[in-house]
Amino acid sequence: MLSRRTQLSCAILALAGSGWLVACGGAAPEAKSATAGSLSTPTVTNGRALDASGQQVAVSDAPSSGRGSVRPKLNDAALAAYRAGMDAFQKGDLDGAQAQFIKATEADSNAYSAFYGLGVVRERLGNSSGALSAYGKAITVVPDYEPAIVSYGLLTAREGNADAAEEYINGRLAKMDRSAALVTALAEIKSMRGDSGAAQKLAKEALKLNPDYRPAMITLARDHYRARRLDLALYALQGILDGYGAENPPRDKDNPEAILMRGLIFKERGQRGRAIEHFKRCIELRPDLVEARVQLAGYLLEAGNAVEAQPLLEIALRYDRDNVLAHLNLGDAYRLLGRPGDAKQQLEWVVSKDAKLPQVYYGLGLLYLFTENVPGVTPKQSLERALQALEEYKRLRPRAGAGQADDVDELITVCKSKKAIIEAKEADDAAAKAEASKPAAGAKPAADGDKPAAIPAASSAAPAAAPAASGSATKPTNGAKP
């Protein structure tokens with residue numbers, strides 16, 4: 001049986017395995033789009049926020065196919081603020097990035113790339129309406145600005161308005177009929193809706209418009225992944241990352257989205273080493289990809305390595321403050337690191353966001369059962385909370401599959417035994433205290449007339465009468481005769 005220190009990690013890792021798999025229209029699992037809220041690109045290696053002309057290089061400004069309209073250059077003040085915003089984003093300082101992008105748009109009302117960056121940051125901060133507004137302003141400045149158009153459409157779809165998203169993209173396509181980027185966006189929306197046939201057809205149409213358009217290749221692979229055609233997904237990813245021989249070299253061997261997706265497939269197939277390798281490489285290329293950080297941290301926690309997992313998760317939460325799995329994992333990391341107060345805070349946050357998540361109650365159970373000095377509770381209260389949490393986990397947990405161990409009943413037994421020991425000691429202490437308060441054997445309560453005279457306060461005056469030379473002024477006790 002696994003150590004108590006890693007049991008929650010294993011439960012979390014099992015949950016993390018479905019982190020990309022969210023129900024989409026029934027049985028077909030849905031994979032999150034790794035491009036959502038992205039300011040990075042795998043083709044950028046120089047680390048600069050802008051090229052020499054002041055254009056954004058995080059997402060290519062070049063039209064995906066056909067000719068594009070003229071892009072206005074940023075003035076010097078806007079350019080400086082934009083660069084500062086990109087630097088802040090790369091460090092995980094989303095508030096700082098937002099402030100700098102706003103500053104850039106105030107310095108130059110035509111700073112379309114700053115409006116786009118502002119939209120990305122707001123999307124990550126959970127401000128969807130603000131993000132859509134910023135994307136819209138970028139499009140107002142540059143009507144055919146594909147990054148903003150695609151982001152506007154995909155965010156609309158993720159907000160549950162897929163029909164409106166398709167209508168919006170189709171409306172833009174009517175004016176940009178040769179845009180591989182917009183056709184790919186339509187393919188992504190179709191895939192999100194579970195219409196794999198339409199998604200594959202549209203992605204292939206985008207590749208006809210631009211045979212080297214990498215996002216369309218990623219969409220093909222992601223749609224296979226969503227539809228659980230994992231072998232076909234791996235084949236598509238091979239073309240991107242490895243190629244098919246000397247005559248067909250890799251299209252984009254350092255594409256972080258492709259690397260992440262292949263890592264997830266390796267994880268599903270139990271190929272631990274290859275999965276870890278891919279998640280690490282993904283983080284090197286794109287520090288802002290939260291999914292890769294959470295997955296790698298899950299493996300580290302499974303091995304009891306909370307020291308390395310902690311910073312991965314803390315940085316992940318800089319880029320996605322409401323990521324439930326990151327908070328859950330971080331709570332376990334803090335528990336293993338002997339920080340019960342911080343662990344409790346993280347796990348209680350998860351409960352406030354998703355009170356039906358079984359793993360959070362398992363984590364709370366381990367915290368209260370095996371951690372001494374949890375802030376704000378006595379040892380007995382800690383065990384009572386542990387028992388309550390484990391019972392809730394037992395009620396909510398999914399049924400264990402073949403070969404999957406579940407030790408919750410054993411933990412509940414341990415909890416009850418510890419609580420019984422504390423209660424037995426409390427009973428013994430109470431009995432001892434009661435015994436100590438009883439009068440001595442044979443003693444009788446003193447009668448009112450037997451009360452000794454009050455001792456006068458000290459005085460400088462002479463006493464009225466001198467005491468006897470020997471003997472006592474008080475009566476003997478216990479019935480003794482003088």
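1. Tyrosine 244 counts as partly exposed in this predicted model, at 36% relative accessibility, where buried stands for under 20% relative accessible area, exposed for over 50% and partly exposed for what lies in between, with a 1.4 Å probe and protein chains only. The ring of tyrosine 244 and that of tyrosine 235 have their centres 4.8 Å apart and their planes at 25°, so the pair is stacked. Rings of Phe, Tyr and Trp (its six-membered ring) are paired if their centres lie within 6.5 Å, and planes under 30 degrees apart count as stacked, over 60 as edge-to-face and the rest as tilted.

2. Because the model is predicted, local features need pLDDT of at least 70 and side-chain atom pairs count only at pLDDT 80 or more, whereas totals for chains, interfaces and linings use all residues.

3. The chain as a whole holds 20 helices and 2 strands, these being DSSP runs numbered from the N terminus (helices are H or I with at least four residues, strands are E with at least two). Of its 482 residues, 46% are buried. Where contacts join residues at least 6 apart in sequence, 59% of them join residues at least 24 apart, contact meaning heavy atoms within 4.5 Å.

4. The ring rule gives a count of 9 aromatic pairs. One of them, tyrosine 116 with tyrosine 135, is tilted, at 5.7 Å centre to centre and with 35° between the planes. Tyrosine 116 lies in helix H4 (residues 112-124) and tyrosine 135 in helix H5 (residues 128-141), so this pair ties together parts that are 19 residues apart in sequence. Tyrosine 116 is buried, with a relative accessible area of 3%, and tyrosine 135 is buried as well, at 0%. Ring pairs also link Tyr112, Tyr116, Tyr135 and Tyr145 into a cluster.

5. Two packed helices are described by the angle between their axes and the distance between the axes. Helix H18 (residues 358-370) packs against helix H19 (residues 379-396) at an angle of about 155°, with the axes 8 Å apart; the axes are lines fitted to C-alpha atoms, for helices over the stretch in contact, and the angles run from 0 to 180 degrees between N-to-C directions. That makes H18 roughly antiparallel to H19, given that angles under 35 degrees count as roughly parallel, over 145 as roughly antiparallel, 65 to 115 as roughly perpendicular and the rest as oblique. The residues of H18 that meet H19 include Tyr361, Tyr362, Leu364 and Tyr368, and those on the H19 side include Leu383, Ala386, Leu390 and Tyr393. By class, this contact has 12 nonpolar, 3 polar and 2 charged residues, with Ala, Val, Leu, Ile, Met, Phe, Trp, Tyr, Cys and Pro counted as nonpolar, Asp, Glu, Lys and Arg as charged, and the others, Gly among them, as polar.

6. Serine 382 has its place in helix H19 and is buried, with a relative accessible area of 5%. Leaving aside neighbours within four places in sequence, serine 382 is in contact with Tyr368, Thr371, Val374 and Val377. The C-alpha atoms of serine 382 and lysine 419 are separated by 9.3 Å, although the two residues are 37 residues apart along the chain.

7. Helix H12 (residues 256-268) and helix H14 (residues 290-302) pack at an angle of about 30°, with their axes 10 Å apart. That makes H12 roughly parallel to H14. In this contact, Leu260, Leu264 and Lys267 of H12 meet Glu291, Ala292, Gln295 and Tyr299 of H14, and by class there are 4 nonpolar, 1 polar and 2 charged residues.

8. Leucine 330, in helix H16 (residues 324-336), counts as buried at 2% relative accessibility. Not counting residues up to four places away in sequence, leucine 330 touches Gln310, Leu313, Glu314, Leu317 and Gln346.

9. Most residues other than glycine have a negative phi. Asparagine 373, in the loop between H18 and H19, has a positive phi of about 60° although it is not a glycine, and asparagine 373 counts as exposed at 68% relative accessibility. Arginine 228, in the loop between helix H10 (214-226) and helix H11 (230-241), has a positive phi near 65° and counts as partly exposed at 30% relative accessibility.

How values were computed:
Residues numbered from 1 in each chain as written. Heavy atoms only, no water.
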